[in-house]
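Hello,

Please find the structure below. My notes follow it.

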Amino acid sequence: MLIDLHCHSLKSDGKLSPTDLVNRAHEMGVNVLALTDHDTLNGLSEAKQQAQKHNMQIINGIEFSCVWNGMGIHIVGLGFDHKHPVMVDAVALQESRRQERAVTIAARLEKKGAAGIWEKTLEISNGAQIGRPHFAQALIELGKVSNMGQAFKKYLGAGKPGDVKAQWPQLNEVVEWIVQSGGTAVIAHPDSYKLTRTKLKLLIEAFMAAGGGAMEATTATMESSYRARMNELCIEYGLMASQGSDFHGPTPWCELGRFNPLPETVKPVWSQWLWPSRL
Ligand code: AMP
Ligand code: MN
Ligand code: MN
Ligand code: MN
């Protein structure tokens, strides 16, 4: 059984359609997949339809943007009722916030000399929920930078003009949306926030106080020493452990279903909804 609980389609900042994503996951041997697009559920029904053809299971998923201590944090929601009014309203709110934020980012980049950035980004995003990677691509196509890394370093990364997060809700709010709609909230890619051990513990405590239940303890890019620390923290705090590639599209460093397995010592997040006998 191969389970990947974190990936993106072109309904947010991924490169593949939900259909192509599910086909690729199937080719990679994935049996259970959560599509976790940023702040949208637009790919869910297409993914489910395609998954039926391969006898794969799709777990309802999303990756919410929020802030904690002024820092941008991603919280994955898994296994919620996608028709629950709390989730439906939350997603609509996040989608409109993302749209407003995109307008603000465009205005800021325009001021920094990226003329035509809005039109270019709209063309690239082509109806998806607009994210910074779309702006990064637009900056490349406008000749302002030569690659994605440079786009984030100069324009879009933490503290740069295109790093707009004022619209995002607080951590506790997004955790509550997920829990109220019957799902499990998961701290996404804890290695990406560059937190000290003390700060990470504070994040975990705030997250759990809001009802959060799990943390990603293995991803395609998480280093082995960090994975060991995350497994220890899951055990120390009684958090379930989640796993996922965070696949956005074919690259040499990330593939669907490819990450180191969780150790036997942690409780996997899927134990609660897949094989109840394991509880
Ligand atoms: P947003 O959802 O608009 O805040 O954009 C965040 C997304 O940008 C993340 O989910 C990643 O897919 C991508 N990202 C973040 N940092 C970088 C980076 N340094 N280089 C390339 N992509 C990045
Ligand atoms: Mn992304
Ligand atoms: Mn993320
Ligand atoms: Mn992600």
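**Glu 255 and the chain around it**

Glu 255 sits in the segment after strand S8 (240-243); strands (E, at least two residues) and helices (H or I, at least four) are DSSP runs, numbered from the N terminus. This is a predicted model, in which local features need pLDDT of at least 70 and side-chain atom pairs count only at pLDDT 80 or more, while totals for chains, interfaces and linings use all residues. Residues are numbered from 1 along each chain as its sequence is written, chains are lettered from A and ligands numbered from 1 in the order in which they are written, and side-chain values use heavy atoms, with hydrogens and water left out.

Is Glu 255 buried or exposed? Its relative accessible area is 15%, so it is buried (under 20%; exposed is over 50%, partly exposed in between; 1.4 Å probe, protein chains only). Leaving aside neighbours within four places in sequence, Glu 255 is in contact (heavy atoms within 4.5 Å) with Arg 24, Met 28, Ser 245 and Phe 247. Cys 7 is 248 residues from Glu 255 in sequence, yet 9.6 Å from it in space, C-alpha to C-alpha.

Now the whole chain. It has 9 helices and 8 strands. Its radius of gyration (over C-alpha atoms) is 18 Å, close to the 19 Å that the globule rule gives for 279 residues, so the chain is as compact as a globular protein of that length. The rule is 2.2 Å times the number of residues to the power 0.38. Of the 279 residues, 52% count as buried. The C-alpha atoms fill a box of roughly 60 × 45 × 40 Å, taken along the principal axes.

Regards
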